[in-house]
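Student: I would like to go through the labels used for a model and ask what stands behind each one.

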Amino acid sequence: MQFKKQLFFTMSVFVLASSSYGQSAAYKKMLDTLLKHTVKEISPKEAASKGNILFLDARPAKEYNVSHLQNAVRVGFTDFTFDKITGVNKATPIIVYCSVGYRSEKITEKLNAAGYTNVQNMVGGIFEWANEGRPLKDSNGLTKNVHAYNQVWGKWVVKGNKVY
């Protein structure tokens with residue numbers, strides 16, 4: 001019986017430590033439930049290691065203005081139009097993100113349907129990016145602020161200053 005308890009504990013720790021979505025099994029479960037996984041996906045850790053990437057932010061201006069990834073282009077979600085990326089070659093490597101990956105998944109689907117061939121959704125979004133301690137920018141430079149959407153979603157932001 002003791003062996004089974006130890007094996008369960010060891011496997012639980014392994015699952016939590018190896019979660020590609022970072023902070024917890026609960027966060028991973030929430031993302032797996034929320035997302036349809038209909039597009040290519042990338043983790044924030046993988047995205048940070050890429051060079052020559054166009055980051056598209058699928059959040060409204062209010063959230064983008066609090067913080068965003070360096071050089072990210074805000075394309076929005078409800079106000080998304082292809083005019084916002086006029087001139088971008090359809091083969092350009094693009095990573096789309098939002099708070100956790102839901103809105104960016106929908107924008108990634110639209111880009112794929114329009115013939116963009118190298119687009120990925122950043123699963124975990126800016127929340128996971130911040131939770132991994134990666135740099136965020138605002139109009140003044142580096143910031144620790146993260147727009148946490150609301151109190152319910154804000155529980156997933158564990159590093160940085162939550163702004164609502």
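Tutor: Ground rules come before labels. This is a predicted model, where local features need pLDDT of at least 70, side-chain atom pairs count only at pLDDT 80 or more, and totals for chains, interfaces and linings use all residues. Residues are numbered from 1 along each chain as its sequence is written, and side-chain values use heavy atoms, with hydrogens and water left out.

Student: How many helices and strands does the chain have?

Tutor: It has seven helices and nine strands. Both are DSSP runs numbered from the N terminus: helices are H or I with at least four residues, strands are E with at least two.

Student: Which share of the contacts joins residues at least 24 apart?

Tutor: The share is 64%, taken among contacts between residues at least 6 apart in sequence.

Student: Why is S104 called buried?

Tutor: Its relative accessibility is 0%. Buried means under 20% relative accessible area, exposed means over 50%, and partly exposed lies in between (1.4 Å probe, protein chains only). S104 therefore counts as buried. Its place is in helix α5, residues 102-113. Leaving out residues up to four places away in sequence, S104 touches A58, V96, Y97, C98, N121 and M122.

Student: What makes A148 buried or exposed?

Tutor: A148 has a relative accessible area of 0%, so it is buried. It lies in the loop between β8 (145-147) and α7 (151-154). Among the residues A148 touches are F127, W153, V157 and Y164. Across the chain of 164 residues, 41% count as buried.

Student: How many aromatic pairs does a search of the whole structure find?

Tutor: Five. Rings of Phe, Tyr and Trp (its six-membered ring) pair if their centres lie within 6.5 Å; planes under 30 degrees apart count as stacked, over 60 as edge-to-face and the rest as tilted.

Student: What makes the pair of F55 and Y97 stacked or edge-to-face?

Tutor: The planes of F55 and Y97 stand at 70°, and the centres are 6.5 Å apart, which gives an edge-to-face pair. F55 lies in strand β2 (residues 54-57) and Y97 in strand β4 (residues 94-97), so the pair ties together parts that are 42 residues apart in sequence. F55 and Y97 are buried.

Student: What about the pair of F82 and Y116: stacked or edge-to-face?

Tutor: Stacked, with 5° between the planes and 6.4 Å centre to centre. F82 is in the loop between β3 (73-74) and β4, and Y116 is in the loop between α5 and β5 (119-122); the two are 34 residues apart. F82 has a relative accessible area of 35%, so it is partly exposed. Y116 is at 8%, so it counts as buried.

Student: Which residues form one aromatic cluster?

Tutor: F55, Y97 and W129.

Student: How do you know that the charged end of R134 sits over the ring of W129?

Tutor: The charged end of R134 is 5.9 Å from the centre of the W129 ring. The rule asks for NZ of Lys or CZ of Arg within 6 Å of the ring centre and within 35 degrees of the ring normal. R134 is placed over W129 on that rule.

Student: Why do the buried residues of α2 line one face of the helix?

Tutor: The buried residues of helix α2 (residues 25-34) are Y27, M30 and L31. Seen down the axis of α2, they fall within an arc of 95°, so they line one face. That arc is of the directions from the helix axis to the C-beta atoms. The face turned away carries the exposed residues K29 and T33. What covers the buried residues of α2 includes α6 (125-131) and α7.

Student: Why is N52 called exposed?

Tutor: Its relative accessible area is 76%, so N52 is exposed. N52 also has a positive phi of about 50° although it is not a glycine.

Note on methods: Contact means heavy atoms within 4.5 Å.
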